[in-house]
Each structure stands twice: as C-alpha cells, then as structure tokens.
Amino acid sequence: MTTMTKSGAAALPLNRILSGDCIDEMRSLPEASVDLIFADPPYNLQLRGDLHRPDNSRVDAVDDEWDRFGSFAAYDAFTRDWLAAARRLLKPNGAIWVIGSYHNVFRLGAELQNQGFWILNDVIWRKSNPMPNFRGKRLTNAHETLIWASKTEGSKYTFNYEALKALNEGVQMRSDWVLPLCTGHERLKDENGDKAHPTQKPEALLHRVLVGCTNPGDVVLDPFFGTGTTGAVAKMLGRDWIGIEREPAYRRAAEARLAKVRKFDREALVVSASKRAEPRVPFGQLVERGLLRPGEMLVNPRGQMAKVRADGSLIADDVRGSIHQVGAAIEGAPSCNGWTYWSFRRDGQIVPIDVLRQQIRAEMS
C-alpha cells in the first residue's frame, strides 16, 4: 500500500518491495514520480516440453507459470497494459530500459513506439558464457537485447556520457556490451541449492545502466523485481528504488539479499560529469570581468594573433567574429573550438583561455 503525506498526496514507497501484480501496483503509485524504469518482463519463451543435454540431464530452463501466455495476443495485451502503467509513472524527463530475447523484444519495441516512447538505443548484451544449443538445430543464442527509450521525443533524459566513457577505459561506450551471465557467488540459490530465479541478471549489467542513466537520489522502479538485482545495484549507487514482485519466494530472496547490501561512500558515488552539463560561460564574460582586456592579443598554436574587442569578439587581419569563427577561418575549417584553440600571455607564459573559463565555473559551483 502507498502511504500518504501530511498534505494528502501519495508518498512513494521508497526502498521497498511491493507484493502484487505489477500493473495494479504501478497504477497505485503517484503519477510522474519515477526517474528511471528497468524492466525485465516475461519472455514468453513458448517452450514445448523439457530440454535435455547430450548426457540426458535436464536443463534448468525458464518453464515457470509466470512466463506462460495463451497466445501472442494475450502477451501483447499484457505488454500494452504494463507499459502504459509504467509510462504514467515516469517524470517528463524520465526513461525506461527493457530487456528481452528474440521471443519478445520486437513486440516490446513496437509497443514502446505505439505508446509514444522515443527509442534512444538498442543495446546488444553479448554473453561471454552463453548456454550452448544442445539440439544443434539453431545458432547458439548468445545475446539479449535491451531497448533504452525516453518518455517522449523531447525529454531531457539523463545520460552520463563521460561516466560511461570512464567505465570503458576512456573510449566512447558502444551499444554492444560483452558481459558474463550471472554465475558463481553472485547467483542466488534456494534452500535446495537450486537457482533462486531462472533469469537473474548480473549486477554488472545494472551497474552500467544506472551509472549511465541516473544520478544519486534518483528513483528507479523495477516492476519485475525478481531476486532484486536492480534494487541491490541502486542501493550500492545511492539511488532510491522500488521493486514490484508477486512471487513470495523471489521476494524473500530479494529481501535477504538487500539486507546485506551497503551503499558506497559519498565520494565514490560521484561520477565523471559531462562537459555539456557544465555551466555555459560566454567568452565576453571574460572581458566583462577584466580577466582579458580589449586590445589584448590571443595566440593560436602556430603563433598567429587575434585581438580581443570590447564586445567579446576577435579580429585577425580582415576576419571578425567569435573565438570559434575566427579560429575556423584561420584554419580553413568548418568549425573550431575556440576555448582550446586560443591562448593568452601572462608573465611570459602561454596560458589557454579555457583556464579562465574554468575559473569562472568554479566560482559558480
């Protein structure tokens, strides 16, 4: 149940697992209250009978009742209803990640677009240790697909570009992720030593999603919570979370798991910020503040000069314009980042003008 604040508004049940049907529970939550949704819905695998290895041992496949639907029409109706409930919960600048296999991901993608979501990327999670195809009648299914979508085309969704680049050793993060299946100590087991959940996702996958698309203090909802991977990673990263799970055994496993999770310290939660998120500082502000004077000369890497004018523009020979326009004209290039192109002289030293911009930004923080 959702509690009420003193003003009568519904309060979010933060950092709790809600028991019940995901559609009903989502409909009970306040509208536009969630920053990110990560959804791992039933795949509708349509399994027919048991699957065995060559040694005749039975494969522990996904054959639970929650993954069975009578028809594609029934699955599509379920998808339509839970996505509509999820979209209602997202803030205007919120986003959603859904994950699926070839059995269902195309149906998920179509319904996302039908409901007005704006697809930003699809990501291929390539499993470094996939289960082989025991019957030898198809290719080994070695990947799953994630779809990342904003609530609307115009949403200003969170994307921590520099943080993901840092995770990838300074290289821009691609849309193909090579990560292992959840195995070993991370795989939760029940009291019989069997898998607590057949499709438990690795924490590495959720770490990448949450570092890239949320900030500390954001609210993350997982409507198919299972054994709580989303909640565990969100808790470690200082995000608030809400889980919805109807199966009692999964809830018990998730609660026990989450009780052992500890949040990282505050300094560790800070990620590399995107340069686009930094405050904009016009070059003219350096002139207004007296950090550079009208008539002062700037120099480019080849020693060519341009004079600063009172309105923050530059003049070099017969070229006039912004620091970017004049730099591009000198180089004969379509564009130029004037902040890194131009420098000034102080006490016999050549200093990039970007040092002055960073000085002003530091005062603004």
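These notebook entries record what I looked up in a predicted model of one protein.

**Entry 1: overall make-up**

I began with the secondary structure and found 12 helices and 14 strands. I then looked up burial: of the 365 residues, 45% count as buried. The protein exposes about 19,600 Å², and carbon and sulfur atoms supply 49% of that area. I also looked at contacts between residues at least 6 apart in sequence; 67% of these join residues at least 24 apart.

**Entry 2: helix α7**

Which residues of α7 are buried? I noted Y250, R251, A253, A254, R257 and L258. They cover an arc of only 165 degrees around the axis, so they lie on the same side of α7. As a general point, an α-helix has 3.6 residues a turn, so residues three or four places apart point the same way. On the face turned away from the buried side, I found the exposed residues R252 and A259.

I then asked what the buried residues of α7 pack against. The partners are strands β1 (16–19) and β8 (240–245), together with helices α5 (203–213) and α6 (229–236).

**Entry 3: salt bridges**

My search of the whole structure gave 11 salt bridges.

K91 forms a salt bridge with D35, and their closest N and O atoms are 3.1 Å apart. The pair links distant parts of the chain, since K91 is in strand β3 (residues 90–100) and D35 is in strand β2 (residues 34–39), 56 residues apart. K91 is partly exposed at 29% relative accessible area, whereas D35 is buried at 18%, the cut-off for buried being under 20%.

D40 forms a salt bridge with K201, with the closest N and O atoms 2.7 Å apart. D40 lies in the loop between β2 and α2 (72–89) and K201 in the loop between β6 (176–179) and α5, so this pair ties together parts that are 161 residues apart in sequence.

R107 forms a salt bridge with D76, the closest N and O atoms lying 2.8 Å apart. R107 belongs to helix α3 (residues 105–114) and D76 to helix α2, so the pair ties together parts 31 residues apart in sequence. I recorded R107 as partly exposed, at 30% relative accessible area, and D76 as partly exposed, at 26%.

Conventions:
Residues numbered from 1 in each chain as written. Predicted model: local features only at pLDDT ≥ 70, side-chain atom pairs only at ≥ 80, totals over all residues. Heavy atoms only, no water. Helix = DSSP H or I, 4+ residues; strand = E, 2+ residues; numbered from the N terminus. Buried < 20%, exposed > 50% of the residue type's maximum accessible area, 1.4 Å probe, protein only. Contact = heavy atoms within 4.5 Å. Areas by Shrake-Rupley, 256 points an atom, 1.4 Å probe, with all protein chains shown as cover. Arc of directions from axis to C-beta. Salt bridge = Lys/Arg side-chain N within 4 Å of Asp/Glu carboxyl O.
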